[in-house]
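Please view the sequence and structure below before reading the points.

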Amino acid sequence: MSTRRFRDLALATADWFIELDAELHVSAVSDPPVGTTEVPFIVECAIGMRLEDAVAGEDGLKTNWAQCLAAMNRRDPVKRFRYVVANPLLGTRHYELNGLPHFNSLNQFLGYRLAIADVTAQVEIVAKRDEMAQLLTALFEHSPAIISVKDVEGRYTAMNRAAELAYGVSRDAAIGRE
């Protein structure tokens, strides 16, 4: 695979790339994505810092880094570790970190190679979906209208309190029956 092709594929999957040294201090940081200034930390200041301090900084929300750091101390891959940064200009941002330990030919640990993606949009969509699901559940449960739902075989899959009262049967007894 050509270097250009590999670079394009990598940039399609993450927004930033970071390298850590054997002591888990930031040793290199990629340029920010083209056309954006949303960097999860200030590159010039991050070099030499521990990862959790570099990405959170003064404005950051302290994420529980214990699980991530424990995996790194075991030299395990880090998959889908999520953390949050409070940025006064950009608001609260959500990031996902994935990384692999890096070893030399003598199997000596050299550090980690990390990829970080901004997942704020996905987190906000899930939060909105959950909010709407809670609203729909509340409407279903508290509606004075009799509401019951059946599957294609005619079995009850849901019913609200008004249906329980009207039919004289609890939803637990009705669910799964015709």
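**Salt bridges and a nonpolar patch**

R74 is exposed, with a relative accessible area of 52%. The model is predicted, and a search of the whole structure finds 10 salt bridges.

**R74 and D76**

- R74 forms a salt bridge with D76, and the closest N and O atoms lie 2.7 Å apart.
- The relative accessible area of R74 is 52%, and R74 is classed as exposed because the cut-off for that class is over 50%.
- D76 is partly exposed, at a relative accessible area of 28%.

**R82 and E96**

- A salt bridge joins the side chains of R82 and E96, at 2.9 Å from N to O.
- R82 belongs to strand β3 (residues 78-87) and E96 to strand β4 (residues 91-103), so the pair ties together parts that are 14 residues apart in sequence.
- Which side chain of the pair is buried, and which is partly exposed?
- E96 is buried, with a relative accessible area of 13%, whereas R82 is partly exposed at 43% relative accessibility.
- The value for E96 is 13%, and E96 therefore falls in the buried class, which is set at under 20%.

- E141 and R171 form a salt bridge in which the closest N and O atoms are 2.7 Å apart.
- This pair links distant parts of the chain, since E141 is in helix α5 (residues 120-142) and R171 is in helix α7 (residues 171-174), 30 residues apart.
- E141 is partly exposed, with a relative accessible area of 24%.
- R171 also counts as partly exposed, at 21% relative accessibility; the buried class is under 20%.
- Which residues are linked with E141 and R171 in a network of salt bridges?
- The network consists of E141, R161, E164 and R171.

**Nonpolar surface patch**

- M132, L135 and L139 form a nonpolar patch on the surface.
- Together, the three side chains' residues M132, L135 and L139 have about 280 Å² of accessible area.
- L139 is located in helix α5, the helix that also holds E141.
- L139 has a relative accessible area of 53%, and is classed as exposed because that value lies over 50%.

Note on methods:
Residues are numbered from 1 along each chain as its sequence is written. This is a predicted model: local features need pLDDT of at least 70, side-chain atom pairs count only at pLDDT 80 or more; totals for chains, interfaces and linings use all residues. Side-chain values use heavy atoms; hydrogens and water are left out. A salt bridge is a side-chain nitrogen of Lys or Arg within 4 Å of a carboxyl oxygen of Asp or Glu. Buried means under 20% relative accessible area, exposed over 50%, partly exposed in between (1.4 Å probe, protein chains only). Helices (H or I, at least four residues) and strands (E, at least two) are DSSP runs, numbered from the N terminus. Patches are made of residues with over 30% relative accessible area and no salt bridge: like charges are joined within 9 Å, nonpolar side chains (Val, Leu, Ile, Met, Phe, Trp, Tyr) within 5 Å. Accessible areas come from the Shrake-Rupley method with a 1.4 Å probe; for residues, only the protein chains shown count as cover.
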